[in-house]
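Start with the view below.

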Protein chains: 2
Amino acid sequence: MKRRIFFKNSILAGAAGLASADAFGANAVKVPSDAVILFQGDSITDGHRHKDILTPNDPRGLGNGYVSLLAADLLRKYPARGFKIFNRGISGNKVFQLAERWKEDCIDLKPTVLSILIGVNDFWHTKNGNYSGTLDKYRNDYINLLEQTRNELPEIKLIIAEPFAVPGIRAVDHTWYPAFDEYRFVAKEMAGIFKATFIPCQKLFDRAAKKAPGVYWTHDGVHPTHAGSRLMADAWGKALG
Amino acid sequence: MKRRIFFKNSILAGAAGLASADAFGANAVKVPSDAVILFQGDSITDGHRHKDILTPNDPRGLGNGYVSLLAADLLRKYPARGFKIFNRGISGNKVFQLAERWKEDCIDLKPTVLSILIGVNDFWHTKNGNYSGTLDKYRNDYINLLEQTRNELPEIKLIIAEPFAVPGIRAVDHTWYPAFDEYRFVAKEMAGIFKATFIPCQKLFDRAAKKAPGVYWTHDGVHPTHAGSRLMADAWGKALG
């Protein structure tokens, strides 16, 4: 209970009080040999992966998104390190749905490094009336998930990525704001509290919009195009030292 | 007919007399804005792509292999160039099967740049008794395909990749040699005759075997692992300047 109170206070202190890991550097994750690297999240992580292929490093099991692009980089760059890379993202997932499958799809895999990108559906799915979760539920579910993870895998290295959206493109209109921004801030708070490396996805897409229209990087405002996936893979690559 | 005789004589001159484009440099393909970039070949190119997705730049339509990895690099690096990248590789294909679908799957797409990786099945499928094609058939089919291509698309920029195999891994045993090497040489001859940029895939995999066992780069001696696909994408990336 004391620990929970500490979390709440940290959150109240706000994102400004938390270390920024945007530039990585000393905050980059050092990945040891024989590491199990697990990617968790929603459709953006899923990337239409073949759900029946559960072995690591298989391109069909890694999907067509940033996980696959990043995995190819890591496996080619470090052939002697014996990395085992898993994708367990599932399209449509919100935090509570990660929790429902966390033992099988995270704890039992004993990841050395765990990357989580979750949150856009926790907000988005409230807009069609089929989901009634709140920002507080997102925050509390996320804290519980990460507490469980740290308790069961004390040595785990965490990467927490920011949910993002590009306004003005299909799914994303002005009604998303400012409410959606709060979900981004919660993810950053989680990274601070749980000493995770934070990946500022929103900034990635905001910066890219200076080089080509937003729709070049995400076709519906939420899901990256292939170019957008490459942006993301580059950011994760830097986060992994 | 004269042209055909020229080709035959060129081939008789052997690979040694042809320019080596291994190091690219001046031989790298310059890709103009709005280029249509088409990848053709067999399963290695196919990469389990979704055959019903025919639009360019869609990661599901690009598959899980080197084409997808390379496309992500190009689309991220050159957001203003408007590249349209297509994968039309089909698993199991030999040269004559490319020819059967060439109008629809090549000519009609009006590629600015065409990359072809074909030949391993022209040899491999003779070994199970289900295909009786010879080296001469491979060579003649390939010449006819490239003549047709140059005639119908005179400005096309060609990339021809070398079929490759890694001996001692599953499908590839000593009975492949020296016969299979001749198929590699024919692909290189094609590059010389048709002034294509040549990608020496065999060298890629031979060199990689010094960093990790061959099976790390190709799980069955023929099909690349994800790490092997990244090797290939890097080589194509250099060939594309």
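## Salt bridges

R76(A) and D234(B) meet through their side chains in a salt bridge, N to O 2.5 Å. The term requires a side-chain nitrogen of Lys or Arg within 4 Å of a carboxyl oxygen of Asp or Glu. R76(A) lies in helix 4 (residues 66-77) of chain A and D234(B) in helix 12 (residues 226-239) of chain B, so this pair joins two chains. Helices here are DSSP runs (H or I, at least four residues), strands likewise (E, at least two), numbered from the N terminus.

This is a predicted model: local features need pLDDT of at least 70, side-chain atom pairs count only at pLDDT 80 or more, and totals for chains, interfaces and linings use all residues. Residues are numbered from 1 along each chain as its sequence is written, chains are lettered from A and ligands numbered from 1 in the order in which they are written, and side-chain values use heavy atoms, with hydrogens and water left out.

How exposed are the two partners? R76(A) is partly exposed, at 25% relative accessibility. D234(B) is also partly exposed, at 21%. The classes are buried (under 20% relative accessible area), exposed (over 50%) and partly exposed (in between), with a 1.4 Å probe and protein chains only.

R230(A) and D234(A) are four residues apart in helix 12 (residues 226-239) of chain A, so about one helical turn separates them. D136(B) and R139(B) are three residues apart in helix 8 of chain B, again about one helical turn.

Salt bridges with shared partners join D73(A), R76(A), R230(A), D234(A), D73(B), R76(B), R230(B) and D234(B) into one network. Over all chains, the structure holds 26 salt bridges.

## Aromatic pairs

How many aromatic pairs are there over all chains? The count is 28. Rings of Phe, Tyr and Trp (its six-membered ring) pair if their centres lie within 6.5 Å; planes under 30 degrees apart count as stacked, over 60 as edge-to-face and the rest as tilted.

F96(B) and Y131(B) are stacked, because their ring centres are 5.8 Å apart and their planes at 15°. F96(B) sits in helix 5 (residues 95-100) of chain B, Y131(B) in the loop between helix 7 (120-124) and helix 8 (135-152), 35 residues apart. F96(B) is partly exposed at 23%; Y131(B) is buried at 13%.

F123(B) and W176(B) are edge-to-face, with centres 5.1 Å apart and planes at 65°. Both residues are buried.

Charges also meet rings. The charged end of K94(B) sits over the ring of Y131(B), 4.9 Å from its centre. R81(B) places its charged end over the ring of Y78(B), at 4.0 Å. The rule: NZ of Lys or CZ of Arg within 6 Å of the ring centre and within 35 degrees of the ring normal.

## The two copies

Chain B superposes on chain A by a rotation of 180° with 0.0 Å of shift along its axis (RMSD 0.0 Å).

Definitions and conventions
Least-squares fit on C-alpha atoms with pLDDT ≥ 70 in both.
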